[in-house]
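Look over the sequence and the 3D structure below.

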Amino acid sequence: MYLRTGAPFTGSLLKKLQSFLLACHLEYDPGIRFSAVMMEDDEIVATGSLDGCTIKCVAVSPAYQGEDLTAKILTVLFQEAARVGLRHLMLYTKPCNQYLFAGLGFHPVIRTADVLLMENQRSGLDIFLTSLEKPADDRGPVGCIVANANPFTLGHRHLAETAARECAWVHLFILSEDKGMFSPAERLTMAREACADLPNVLVHPTGPYMVSSSTFPSYFLKDQSQAPAVHCELDLRLFGEKIAPALHITRRYVGTEPLCPVTSQYNARMKALLPDYGVDVIEIDRAEAEDAPISASRVRKLIQQADFDALAPLLPPATLRIIREKTR
């Protein structure tokens, strides 16, 4: 038995890995950036992969279970993660696998009927929440906004202004995923500079605890069409059970969503679920410019066209400056 790794695999070995995962009732996740496989007679008998700080697609052939291959695969993934500077790792799996991964150093964060989120850092979520900037006095309504902000637009600014008027404090979370046109650091800078004149708005990264539906790892779901609903349930329960109470959040602000059906459904589910946790969902009419809703997707198209005249009415000065610097 021998080990092979790829960053990621391509060609015939990728096809072999995809076939192996299908036989294990898993889908190969397109976000994978590094994979490790154990081979026996040129056939895969165990595997696991990394996508940033997330471990994905861990599987062992039934004929080889009980031989500690999962631990060996995870050791290789830990080493690769450490090599690129990642020590805090997340894992999404079926709830029935909790005992297996708990024995390998993972701790549960949140679970639903369909998915379990685990991390390799004990009390990692509590440590993250403790690290966030908080108001000295959080009496009065405390609001929250969660945004991808790829990039941060005047639509996001309008949402932040509205929440800031109506709440004593607002926690504005910017997704930490490194998947879009702008890096997490760039998007965080855009948001902080654009809201610098709003003293009661605190801007934070989400860390690994809020994941967008577009990057939610759904490879272990039997029915892939259910991925948006499963992601929504996990994300909102984590927010309602853990994040909102820790920060005393009582309102979550969202913009109306006339363009994306998935986001519109997410907003509807948010309205149905979060009040059970004492969080009111406030939906604000999306800001418009030139008789059309301001959207990040519209902005990205204009960036590709280098149409800065059309971009100016849609963006705060900080965002426009970063875009100009990035596209020089």
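## Confidence, sheet and cavities

This predicted model has a mean pLDDT of 90, and 98% of its residues reach 70 or more. The pLDDT is the predictor's confidence in each residue, from 0 to 100. Local features need pLDDT of at least 70, side-chain atom pairs count only at 80 or more, and totals for chains, interfaces and linings use all residues. Residues are numbered from 1 along each chain as its sequence is written, and side-chain values use heavy atoms, without hydrogens and water.

Five strands form an open sheet with parallel pairing, in the order β10-β9-β8-β11-β12. β10 (201-205) and β12 (280-284) each have a single partner strand, so one side of each lacks a neighbour in the sheet. Strands are DSSP runs of E, at least two residues long, and helices are runs of H or I, at least four, numbered from the N terminus. Two strands pair if DSSP finds at least two bridges between them. Two bridges join β8 to β11.

The whole structure holds two cavities of 30 Å³ or more. A cavity is a set of points on a 1 Å grid over the protein atoms alone where a 1.4 Å probe fits but cannot get out; lining residues have an atom within 4 Å of a point. A volume is the space filled by probe spheres set on the points.

| Cavity | Volume |
|---|---|
| Largest cavity | about 70 Å³ |
| Second largest cavity | about 40 Å³ |

Helix α7 (residues 227-247) gives the most to the lining of the largest cavity, with four residues. For the second largest cavity, α5 gives the most, with three residues.

How values were computed: On a 1 Å grid over the protein atoms alone, a cavity is a set of points where a 1.4 Å probe fits but cannot get out, and a pocket is an open set with protein on both sides within 12 Å along at least five of seven lines; lining residues have an atom within 4 Å of a point.
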